[in-house]
Amino acid sequence: SLVILDFGSQYTQLIARRIRQMGYYAEILPYNAKLKDNVKGIILSGSPASVYEKDAPKPDDSIYALNVPILGICYGIQLIAEKFGAGISKAQKREYGYAEIFFEKEDKLFYNINNKNIVWMSHADKIDKLPNGFEVICSTQNSPYAGIRNLDKKIWAIQFHPEVSHTQNGNTILENFVSTICGLKKDWNMGDFLEKTINEIGQEVRDKKVLCAISGGVDSSVLVVLLNKALGDNVIPVFINNGLLRQNEEINVQKAFEKLGIKINYIDASEIFLSKLKKVKDPEKKRKIIGHTFIDVFRDFVSKLSGVEYLAQGTLYPDVIESVSVKGPSDVIKSHHNVGGLPKDLKFKLIEPFRFLFKDEVRQLARQLNLDDAFINRHPFPGPGLAIRIIGEVTKQKLNILRQADAIILEEIKKSGFYDKVWQAFGVLLDLKSVGVMGDKRTYDYAIVVRVVESLDGMTANWVYLPQEFLNTISTRIINEVQRVNRVVLDISNKPPATIEWE
Ligand code: XMP
């Protein structure tokens with residue numbers, strides 16, 4: 001396979017996704033992994049570090065002895081330059097943004113690409129001189145050594161990022177490396193993956209039972225459908241209603257599975273959750289209580305079952321990749337809760353068929369399994385649900401208000417065609433009241449925040465510019481239709497420094 005060594009760049013996962021989308025299997029390993037000789041090619045990722053820093057991450061020297069093609073990207077070119085005897089220095093000017101590259105030599109990396117491409121640069125260091133035995137293959141105005149190669153050693157390295165969409169023909173460069181240079185075959189597709197996985201699970205589990213918690217989101221739902229194909233009625237899907245779901249969500253989820261002929265175990269635990277949340281205002285406390293209560297309810301359900309040996313979880317690849325803490329562990333911003341986080345002492349054998357998949361690959365699987373597009377393209381919804389969209393104490397009255405307002409926002413955003421273009425769109429209920437006037441009467445009621453963001457992965461996000469007409473419709477409808485709301489405001493903050501959810 002093709003291995004991407006991860007030196008901590010924010011783009012590492014993107015490299016793997018790009019290559020997989022083209023149909024080649026690529027996996028990400030920590031930067032210092034020792035590789036076996038079944039590897040067909042190696043990509044060295046970028047990094048926030050500088051190679052001349054004291055604790056700069058370096059690959060294991062043995063990778064250079066494998067005699068397989070290596071492509072260094074950004075930090076990767078500096079690793080290679082340093083390894084082969086060239087100096088690295090801080091660039092006079094940080095090069096960040098667009099640059100035009102000029103091909104200096106014909107090279108397999110640039111097959112099917114015309115000269116003078118615009119590429120995306122993001123680096124503070126650059127190479128001072130050419131490393132021993134290397135030659136220049138491309139340059140930019142600022143970087144005479146923007147791309148280098150050593151054909152004997154099968155090493156290529158480029159200063160720019162081919163994986164980001166701002167780089168013209170970036171995909172072609174990656175595919176040239178993977179296919180023409182490394183000789184990989186296109187053998188990664190979701191149809192084959194599905195068939196193989198269904199067979200494997202069938203063989204492993206046989207006639208034992210498998211438990212699976214459903215959140216209503218794409219990952220756990222696709223998981224249940226896949227398991228159902230492999231094991232029929234031996235899958236036990238559980239859907240816990242925590243009382244913090246959106247309007248009619250518990251009904252819609254049950255209906256969706258009914259349509260697929262899958263019977264789910266529905267547990268209405270809303271009263272338990274709401275009583276535990278009584279008088280709790282602190283966001284982190286709310287999150288912890290919801291997480292613990294979920295586990296209690298789940299345990300209680302499990303204790304009544306017998307013959308269950310396995311637990312299936314929709315864990316995705318990004319959660320599995322051993323993180324390279326080049327900069328040390330980052331602070332806990334929010335303690336996340338989702339159905340994947342069940343305690344280990346439940347003594348089940350784990351089944352995690354998606355542990356090598358990215359989110360977009362799970363969506364492809366969903367299509368293979370004939371799930372509705374509307375379902376596949378659903379926005380993410382956090383495990384703690386509306387509790388983190390109601391500022392302050394969660395009460396039934398506030399849940400009722402937010403559900404109605406949120407349903408209007410969703411209805412209008414779908415009608416307008418924005419739903420499929422944005423990452424998330426939802427309402428937030430504030431913990432304050434303000435004065436208004438309705439008819440001839442003074443009101444003193446709640447305010448709803450409209451939050452609509454675009455994002456690629458939830459890590460960063462921008463608020464979305466929405467037409468005035470559209471905003472006006474939402475505001476008028478919410479204030480007219482939802483009792484106890486007299487004000488609608490728009491959240492115009494990006495992440496960072498804000499977060500997507502309010503708590
Ligand atoms: P923030 O608010 O941290 O959210 O910018 C980033 C993305 O994560 C979702 N989110 C969660 N998802 N359990 C989840 O499964 C959680 O506890 C949780 N908290 C936030 C959020 O909706 C956004 O898409």
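Cys-74 lies in the loop that joins strand S4 (70-73) to helix H2 (75-83); helices (H or I, at least four residues) and strands (E, at least two) are DSSP runs numbered from the N terminus. The model is a predicted one, in which local features need pLDDT of at least 70 and side-chain atom pairs count only at pLDDT 80 or more, while totals for chains, interfaces and linings use all residues. Residues are numbered from 1 along each chain as its sequence is written.

**Annotated site**
- UniProt, in an unreviewed entry, places the feature "active site" at Cys-74, His-161 and Glu-163; such positions follow the numbering used here, feature names are shortened, and annotations may be inferred rather than shown by experiment.
- These residues span 90 residues in sequence, yet no two of their C-alpha atoms are more than 11.1 Å apart, so they gather at one spot.
- Cys-74 is buried, with 26 other C-beta atoms within 10 Å; a residue is buried if 20 or more other C-beta atoms lie within 10 Å of its own, exposed if 12 or fewer, and partly exposed in between, with C-beta atoms placed from the backbone.
- Leaving out residues up to four places away in sequence, Cys-74 touches Gly-46, His-123, Gln-159 and His-161; contact requires C-beta atoms, placed from the backbone, within 7 Å.
- His-161 sits in the loop between strand S9 (155-158) and helix H3 (170-181), and His-161 is likewise buried, with 23 C-beta neighbours inside 10 Å.

**Domains**
- The chain is divided into domain 1 (2-181), domain 2 (190-376) and domain 3 (389-490), with bounds from an automatic or database domain assignment.
- The centres of domain 1 and domain 3, taken over C-alpha atoms, are 45 Å apart.

**Sheet**
- Five strands form an open sheet in the order S12-S11-S10-S13-S14, with parallel pairing; two strands pair if DSSP finds at least two bridges between them.
- Strand S12 (265-268) and strand S14 (349-351) are the edge strands, each pairing on one side only.
- Strand S13 (residues 308-312) pairs with S14 in the parallel sense over three bridges, and Ala-312 stands opposite Ile-351 in S14.

**Nonpolar cores**
- The largest nonpolar core has 67 residues, and Val-210, Cys-212, Leu-227 and Ala-405 have the most contacts inside it; a nonpolar core is a set of buried Ala, Val, Leu, Ile, Met, Phe, Trp, Tyr and Cys residues joined through C-beta atoms within 7 Å.
- Helix H5 (residues 218-231) supplies the largest share of this core, nine residues.
- At least three residues of this core come from each of domain 2 (190-376) and domain 3 (389-490).

Key
Contact = placed C-beta atoms within 7 Å.
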